[in-house]
Amino acid sequence: MIMHPRERSLHRFADGSLDVRRRRRISRHLSRCVRCRATVSFIRRLKEEARGLPSPPAPDLLSGIAGRRAAGERSIVPTSDPVAGGEPRLRIAAAIVLGLAISATTIGLLLPAWAAERSTLRFDPDQPRQGDLVRVEYTPAGLFGSEDRLVLRGQFRTSHELREQPPTTAVAILRRSGSRFLGSFTLPDSVLYATFAVEDTGGRAIDTNARRLWEIMAHAPDGRPLLEAFRQRDLDLQERSWDRARATAESAVKAYPDHPGAWVWVRSRQLDEAGTDATVDSLDELHRQRFDQLEAALTGDTILSGDELAWMVWYAAGVRDSAAVQFWINRLLAEAPGHVRAVQVKAVEFFAAHQDEPERLLREFDRIWRTGAPVHWQIPWLAASAAGDAQQPEQFRRWVMRLAEVAGRRADLLILGQLNDPTLRPSAMDLLRWRLSDGRFGSRSLLQTAPEHAEAEDTERARLLAALGAALAAEGRVAAAVDTLEKAVTGVWDPRVFELLVQGYLSLGDTAAAVDFLARLAVDPGLPPDSADALRHIGEAVGAGVSWDHRLLNARQQMVGYTLAEAVAEPVHDLRLRDLDGRRTTLFEEAAGRIQVVALWSGYRGSTGVTLEALARLRNRLSPAAQMLVLTTDLTPDRIREQLGVAGGPPSVFIVTRADLLRTFHGMTPRYFVLDPHGRLRFTSSREEDVLRQVETLRWAEAAGTVVSGAKARNEANP
Amino acid sequence: MKGADDLVLNEPDSLDELYERFAPIVFRVALRITQSPDEAEDVVQDVFLGLPEVLHTFDGRGSFTGWIGKVAARVSLMRLRRVQRRRAVLTRVPPLRGFADNSASIEARITLERALGRISAELRTVFVLKEIEGLEHAEIAALLGISVSASETRLYRARKQLRKYMEDLS
């Protein structure tokens with residue numbers, strides 16, 4: 001039996017870095033081993049090809065660079081290597097400054113874009129109808145000084161917008177005419193509501209009108225915005241500005257007082273901000289009366305559109321009249337059977353009736369899909385879930401791919417959920433690979449520059465790669481798992497991935513690589529303290545070559561770098577708060593110049609929400625440089641005290657109105673918001689571990705006196 | 001043409017000449033590390049916007065070409081931490097220039113370029129710095145803040161992965 005040299009030795013042989021004795025020994029082996037000779041041959045060829053790769057011609061950027069230098073712009077060029085010891089704090093601060101200064105220089109160019117004095121964008125006509133030619137006149141304020149052309153980028157929302165997030169597109173080219181830019185486009189027949197931003201041709205400088213965007217609502221011949229235009233505007237604004245979303249619903253009711261849809265929307269907004277049971281009760285009564293009036297007007301021989309019928313179903317459900325719900329469902333199915341909501345209702349009913357008969361369920365959903373009619377994402381979601389529960393890998397794959405066409409993120413959630421099932425894991429892993437190669441992780445939003453979108457996509461890709469790597473590890477394919485996880489870890493800071501890599505590298509015998517990831521784990525403040533200590537001991541014992549302290553230093557630099565890249569910089573409205581004794585205060589008054597972790601807690605969320613115990617645990621682990629404020633909207637002081645007594649030990653709990661909370665944070669899903677000492681929102685998280693890391697990073701940056709400006713940093717005012 | 005060191009030591013503000021001589025090096029290093037022509041252009045801008053002010057820090061040890069190559073690598077790595085794009089290389093392979101019309105070598109070059117785009121940024125960076133830019137492991141380790149053995153290990157793994165991908169691509 002032939003004994004082969006280690007492959008590392010063959011590489012060193014090809015590099016010419018072996019001593020004479022070992023070189024001779026390997027030469028003798030190569031004279032009779034084809035396999036090892038092929039390896040050495042490949043490495044030599046690779047080195048030669050690498051050296052022979054041509055230098056691409058440098059781009060012609062000199063005039064631009066000279067112009068910027070003439071305008072006083074400078075970057076800070078790193079001329080020394082990373083820290084190797086000495087005074088860690090100052091050097092890390094310097095490294096951060098160097099890294100961020102370059103970023104800040106780039107971002108400094110873009111700040112005028114986002115902090116624009118108000119540019120103006122005019123549409124003519126300003127109340128277009130579908131199919132109209134719309135002329136555009138854009139006047140920038142202090143931005144796009146040297147551009148001859150700009151891009152008007154838009155997002156079009158159509159009727160029954162069924163996609164998770166409609167794509168954005170370049171709608172028109174705007175050409176310079178003096179101090180203005182002019183262009184035109186045709187409002188497509190199907191578009192009800194559109195929002196716009198203006199950007200340069202590279203997508204790097206963007207004017208979002210201070211994040212308000214510009215907008216068009218399609219109008220009817222009588223001059224009113226189309227009802228569904230109100231609806232799409234309401235949906236679009238819910239994530240951006242709760243106040244404006246509510247105002248939209250109220251405008252819809254004024255413009256269309258006899259349409260049930262408008263009442264359904266305004267009811268939702270009113271209930272969102274209803275703070276007390278008494279308010280909810282009076283709203284319920286008001287809407288009950290309104291529903292009865294509408295029903296009286298619409299029942300009988302009146303011919304109703306599919307939309308009106310569908311909204312009556314929803315309004316009936318909102319006022320909790322089950323008999324009316326069934327009545328209007330029957331009318332919808334009889335009079336508008338092809339309407340997207342009718343199809344959705346039938347599908348949900350069929351699912352409820354036959355969820356124990358997966359074959360029959362999947363046949364029916366397949367029939368619906370093959371009609372080619374617009375289908376709500378809920379249908380492929382239900383079908384994929386049914387196939388997963390029935391452990392039918394092929395059907396699961398088929399329906400996940402269909403779901404991904406309309407709701408990519410939901411498809412990813414389904415795939416990730418199946419990775420723990422050994423029967424479905426191979427199929428789920430194939431789907432992950434397909435999603436990764438497909439590369440579609442959502443269209444660039446109007447508020448994102450092209451680089452930011454690329455970064456968001458890379459983060460998403462890294463998340464899927466991490467899941468795939470973990471699945472490979474679960475399958476026992478260690479080398480493949482390590483390779484995949486290495487790709488994942490370049491895009492994100494994820495301790496779960498580091499842990500898997502440590503295990504994988506130790507299995508493969510690569511101690512040096514394992515120690516690097518041990519160091520990353522050891523510096524992550526999200527790790528339980530006793531685990532961190534244990535890791536340090538292991539690292540000191542196993543670490544080879546570079547000292548463990550040096551590794552920790554580098555790991556901390558990396559953690560700060562990754563975390564800062566996630567940071568935003570959004571001003572927030574001050575919040576009116578009341579403590580349990582009724583004392584009135586505000587968010588900024590309580591902040592007292594410290595880093596704030598604002599946690600949303602609901603007494604009614606049960607197991608789906610964050611518990612007081614978890615909040616107390618997090619509060620105890622926070623750095624003294626930070627404080628936690630727990631906000632709640634749905635409990636009285638006595639109920640809160642009762643729950644605090646059970647939990648043992650209070651975080652600071654304040655009561656806030658739902659309206660104020662929505663206005664500030666645009667949502668109430670239990671989560672954490674991290675604000676810097678200057679009152680700006682920097683991070684939004686749903687995990688304790690991430691919060692601890694973000695707070696630690698902010699603390700470092702503040703202590704170093706640096707500007708925290710990640711790739712998403714903005715300094716624009718809220719509307 | 002003046003030597004690079006003369007340029008640096010005697011005429012620190014000659015941006016035009018600096019650019020003409022060294023922009024290709026900066027762009028090459030940046031492109032190989034970031035695998036993105038757009039990002040590489042940004043690196044070129046970032047370097048030359050500040051280069052005249054730091055020329056005095058070149059202490060004359062080693063070549064100026066090597067020094068500016070390392071500057072380019074540092075800026076590229078900072079950028080790489082924020083934007084990782086491997087797909088660009090698949091659509092924008094740098095144009096061929098000055099090669100003999102040898103279809104086998106063209107094919108090999110394209111295969112290598114594509115394989116480089118498929119390995120992780122950490123491995124690719126060490127491969128580029130060692131095999132293309134000619135740095136020693138000690139220099140690479142200092143640049144990346146890793147040990148010499150880690151640099152050797154990454155090169156080894158890069159070659160293994162490149163071999164696998166190049167065989168797949170072929």
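## Close-up views of a predicted two-chain model

**View 1. Residue classes around the second largest cavity.** In this predicted model, the residues that line the second largest cavity divide into seven charged, five nonpolar and one polar. The lining is made up of 13 residues, of which A:Glu486, A:Ala513, A:Asp516, B:Arg154 and B:Arg157 are the closest to the centre of the cavity. Rolling a probe the size of a water molecule over the atoms shows where empty space of this kind is left.

**View 2. Helices that line the second largest cavity.** Two elements give two or more residues each to the lining, namely α21 (511–523) of chain A and α9 (148–169) of chain B. The largest share, five residues, comes from α21(A). Two of the residues closest to the centre of the cavity, A:Asp516 and B:Arg154, also meet through their side chains in a salt bridge, with an N to O distance of 3.7 Å.

**View 3. The contact between chain A and chain B.** The contact takes 71 residues from chain A and 75 residues from chain B, and the area buried between the two chains is about 6,400 Å², of which carbon and sulfur atoms give 57%. Side chains of opposite charge can pair when their charged atoms come close. Between chain B and chain A the count is seven salt bridges, and the pair formed by A:Asp516 and B:Arg154 is a salt bridge that joins residues of these chains. Across this interface there are also 15 residue pairs in polar contact, with both residues at pLDDT 80 or more.

**View 4. The side of chain B that touches chain A.** At least two residues of this side are supplied by each of α2 (15–34), α3 (37–54), α4 (64–80), α6 (103–118), α7 (121–132), α8 (137–144) and α9 of chain B. Of the elements of chain B, α3(B) gives the most, with 15 residues. By class, the side of chain B that touches chain A has 37 nonpolar, 28 charged and 10 polar residues.

**View 5. A salt bridge within chain A.** Over all chains the structure holds 49 salt bridges, and one of them links A:Asp234 with A:Arg269, whose closest N and O atoms are 2.9 Å apart. Because A:Asp234 lies in helix α6 (residues 227–237) of chain A and A:Arg269 in helix α8 (residues 260–273) of chain A, the pair ties together parts that are 35 residues apart in sequence.

Conventions. Residues are numbered from 1 along each chain as its sequence is written. Chains are lettered from A and ligands numbered from 1 in the order in which they are written. This is a predicted model: local features need pLDDT of at least 70, side-chain atom pairs count only at pLDDT 80 or more; totals for chains, interfaces and linings use all residues. Side-chain values use heavy atoms; hydrogens and water are left out. On a 1 Å grid over the protein atoms alone, a cavity is a set of points where a 1.4 Å probe fits but cannot get out, and a pocket is an open set with protein on both sides within 12 Å along at least five of seven lines; lining residues have an atom within 4 Å of a point. Helices (H or I, at least four residues) and strands (E, at least two) are DSSP runs, numbered from the N terminus. Ala, Val, Leu, Ile, Met, Phe, Trp, Tyr, Cys and Pro count as nonpolar, Asp, Glu, Lys and Arg as charged, and the others, Gly among them, as polar. Contact means heavy atoms within 4.5 Å. Buried area is the accessible area (1.4 Å probe) that two parts lose on being put together, summed over both. A salt bridge is a side-chain nitrogen of Lys or Arg within 4 Å of a carboxyl oxygen of Asp or Glu. A polar contact is a pair of N or O atoms within 3.5 Å; within protein, one must be able to donate a hydrogen and the other to accept it, and residues adjacent in sequence count only if both atoms are side-chain atoms.
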